[in-house]
Each structure stands twice: as C-alpha cells, then as structure tokens.
Amino acid sequence: MANQEDNAQSLARTVLYQLGVELKARFTSFGGWEMPVQFSGISREHEAVRNAAGMFDISHMGKFTLQGKNLISQLQSLVPSDLSRLQPGQAQYTVLLNPQGGIIDDIIVYYQGEDTTGTQRAFIIVNAATTSKDKAWLLQHLEPNEVQFQDLSPEKALIAVQGPKAIKYLQPLVQQDLQAIKVFGHLEATVLGKPGFIARTGYTGEDGFEVMVDPDVALELWQSLHNNGVIPCGLGARDTLRLEAALALYGQDIDDTTTPLEAGLGWLVHLDTKGDFIGRAVLEQQKVAGVQRRLVGLQTQGRNIARHGYQILSTGKVVGEVTSGTLSPTLGYPIALGYVPTKLATVGQPLEVEIRGKAYPAVVVKRPFYRSKNRVAN
C-alpha cells in the first residue's frame, strides 16, 4: 500500500485533479501524470461525445510558444509538412522526425502570424510523455539567436470540449464567435472575461474545441461547463473515441521506429513543395521503393478483442503485431490497428489475431472505422 501511495505522489497532477477527485473519478498513471481514466463510465462518456458534448482535462500535454523573424523557415527543417502554406489562425498536424525518418512525436503547430516587426509567432502542442524529449529536440535544432522558445506547460491548463453540441455549451462562456473558427483554425479569445486561446481541434473524430487558459480560469470553466450539463470524460473514452476515428496514439501506433509513410500519414509528407528536412532522404527512398509494412485497420468477430501487443497471423505464421484495439462502443464490434507486410495490407485481406493462445479471424478494413456525420467542413 505504501508503495502505491509513493507512486501516486511521484506522479504530476493537473490543476483540475481535485475536481476529478470530488467527482469520484478513477485515476491512472499516464505519461508521468495521474489522470482520470473515467468519471461516470467509459460507454456513457463516449456516447456523450458522439451525441452531445463531453470535456477532457488535457492539461498534461506539452505547450510551447515560439517567436522569431524566421520561425517558420526554422521549423520547416524539422517536419515533413510544408508549414509555409499556413496562414495566421491556421494549424498543421505534423510529426517531428529523426534522421531515420522515425517519428519523435506527433504535434500540432498553431501559426499565429507575423507582427509589424516581421516577428512570427506560433504555439506547438505536444504529447505529455514526450514533452521533455520534444523540448530538448527543438532547442537543439532551432537557432537560439533567432527563435525565442518558452515552455508554458506548467503555467497553462488545457480543456477539450468535444462533440456535436460543443459550441452550444462553450459559446456562452466565450466572447468571440466560435462558429467563425474553421476546423484547425484558432484564435486568442476572451474566456470568462479572461485571456485564452481556442482551437477547433481535438482527438475524438467529432467537432470540438481545445481551450488553453490560466489555471484559475480552467477551474471556473470546468465547473461552468459541468453545471450546464457537459459530461466529464477520462482517458478511457478518449482512447475509444480516437481509435474509432483511427487517430494514432504516440508510443503505440507510432514511435521513433515508424515512419509517417508506414503509419498511413503520407498526407503529412510534402516532398514536392518544400526543401530539406530531417529524415527526408529516408522518406524519399520509401516513396520510390515502397514501404515494407503498413499500419492497417482490423475488424474481428464477436467479442474477440485484439489488444495492444497481440500477434497478427497469416496462414498460421506471425506477420505483425496489434498496436491498439478495443470493442467499439459506437459500432458494437472489435476494432484494432496493427502493422503488417504491405502485401497483406489490402482492404478485405483475411488475417488472424492470436488471443489467449488461440487464433481468431480478422479482416483488414478501411480507416477510419467511424466517420462522424457532425464534423464541420474546413
């Protein structure tokens, strides 16, 4: 018991932790943080986001602000996506790559524009477990005399309000018109009368917003949303929601040994429109020769759930491994992601998954598994 208490004490806690305790949330260790895994139950929370609105404490994620006269050109060398296309108020989901083309982390770059002196500003949001690694990588590769880097992770809280009714609940608390923000758009906003930052982004496959504010505002925002009927959600529902939308989880579906072309993130790689970047040579080679393996969507039958780490088989031989899997609350059947040889990655390909020592039928299916009818267009 003492060890469990010591472990809990060594984990970081967000400013909203105590509210989670009061709501009797179940907590888990995630990326060095003690985070709520569920409040009222994963199925109920999942359903709230798909049909109405749910809110997530995502304050554990890394938050960096950068500024400099050549900021975008500096960042261009670190990602495969062409950031020069970004207009002020637009964002790009992309990946930091190592020299082998492997993914150091998946990130979102929010470009805020250029002031009268020619100084460009941007926010970057990164994964909680990789915050220190990403910070070190950025500081190592950005020119210190040209880019000012600030880590806002400890100072700012982040709340995701997700679902088709997200605007209905969030708009009364925000001065600016949320309807005017396009998908992957963002702006500096007034939240409960205080300065904040709002982006129309999320990790659920639904419409929604991510709101970055000071800790005292976050507490008031969470309580106001909760009082108005928004369902608090934990990491459990966040995982089932993102998996239905086939959104990659860093450390499981993608990592520093997987390239974006292998992971089905080829749409992030803009070889034709930008210059050199770390890992470019490997991606160019893969583009020409083709990748040896691909991340695929899998569907199994009944309630035979293919979990992370389970082996994928073809004609009795091990050909790959499941990276993520769950019973889809929306679809009612088990879904999974996993890497298989490219020749076995075609939609309709029959495979098997070994579950508790027995092989069960699986089939490669199109991703995403679920596409929301409520998503707004760009």
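In this predicted model, the largest nonpolar core comprises 44 residues, and those with the most contacts inside it are Phe 56, Ile 103, Tyr 110, Ile 254, Leu 265 and Phe 369; such a core is a set of buried Ala, Val, Leu, Ile, Met, Phe, Trp, Tyr and Cys residues joined through side-chain atoms within 4.5 Å, where buried means under 20% relative accessible area, exposed over 50%, and partly exposed in between (1.4 Å probe, protein chains only). The largest share of this core, 4 residues, is contributed by strand E5 (residues 90-97), helices (H or I, at least four residues) and strands (E, at least two) being DSSP runs numbered from the N terminus. A second, separate core of 29 residues includes Ala 25, Met 55, Leu 178 and Val 191. In soluble globular proteins, nonpolar side chains tend to be buried together.

Residues are numbered from 1 along each chain as its sequence is written. Because the model is predicted, local features need pLDDT of at least 70 and side-chain atom pairs count only at pLDDT 80 or more, whereas totals for chains, interfaces and linings use all residues, and side-chain values use heavy atoms, with hydrogens and water left out.

The protein chain as a whole has 9 helices and 19 strands. Its radius of gyration is 21 Å, close to the 21 Å that the globule rule gives for 378 residues, so the chain is as compact as a globular protein of that length; the radius is taken over C-alpha atoms, and the rule is 2.2 Å times the number of residues to the power 0.38. The C-alpha trace spans about 60 × 50 × 45 Å along its principal axes, and buried residues make up 56% of the 378 residues. Of the contacts (heavy atoms within 4.5 Å) with a separation of 6 or more, 65% are accounted for by residues 24 or more positions apart.

A search of the whole structure finds 6 aromatic pairs, defined as rings of Phe, Tyr and Trp (its six-membered ring) with centres within 6.5 Å, where planes under 30 degrees apart count as stacked, over 60 as edge-to-face and the rest as tilted. The ring centres of Tyr 17 and Phe 27 are 4.8 Å apart with their planes at 50 degrees, so this pair is tilted; Tyr 17 belongs to helix H2 (residues 17-22) and Phe 27 to strand E1 (residues 26-30). Tyr 17 counts as buried at 14% relative accessibility, while Phe 27, at 24%, counts as partly exposed. Tyr 110 and Phe 197 form an edge-to-face pair, 5.5 Å centre to centre and with 85 degrees between the planes. Since Tyr 110 lies in strand E6 (residues 103-114) and Phe 197 in strand E11 (residues 194-199), this pair ties together parts that are 87 residues apart in sequence. Both Tyr 110 and Phe 197 are buried, and together with Phe 123 they form one aromatic cluster.

Thr 130 lies in the loop between strand E7 (120-126) and helix H5 (131-141), and at 6% relative accessibility it counts as buried. Not counting residues up to four places away in sequence, Thr 130 touches Ile 104, Asp 105 and Tyr 250. The C-alpha atoms of Thr 130 and Met 61 are separated by 8.9 Å, although these residues are 69 residues apart along the chain.
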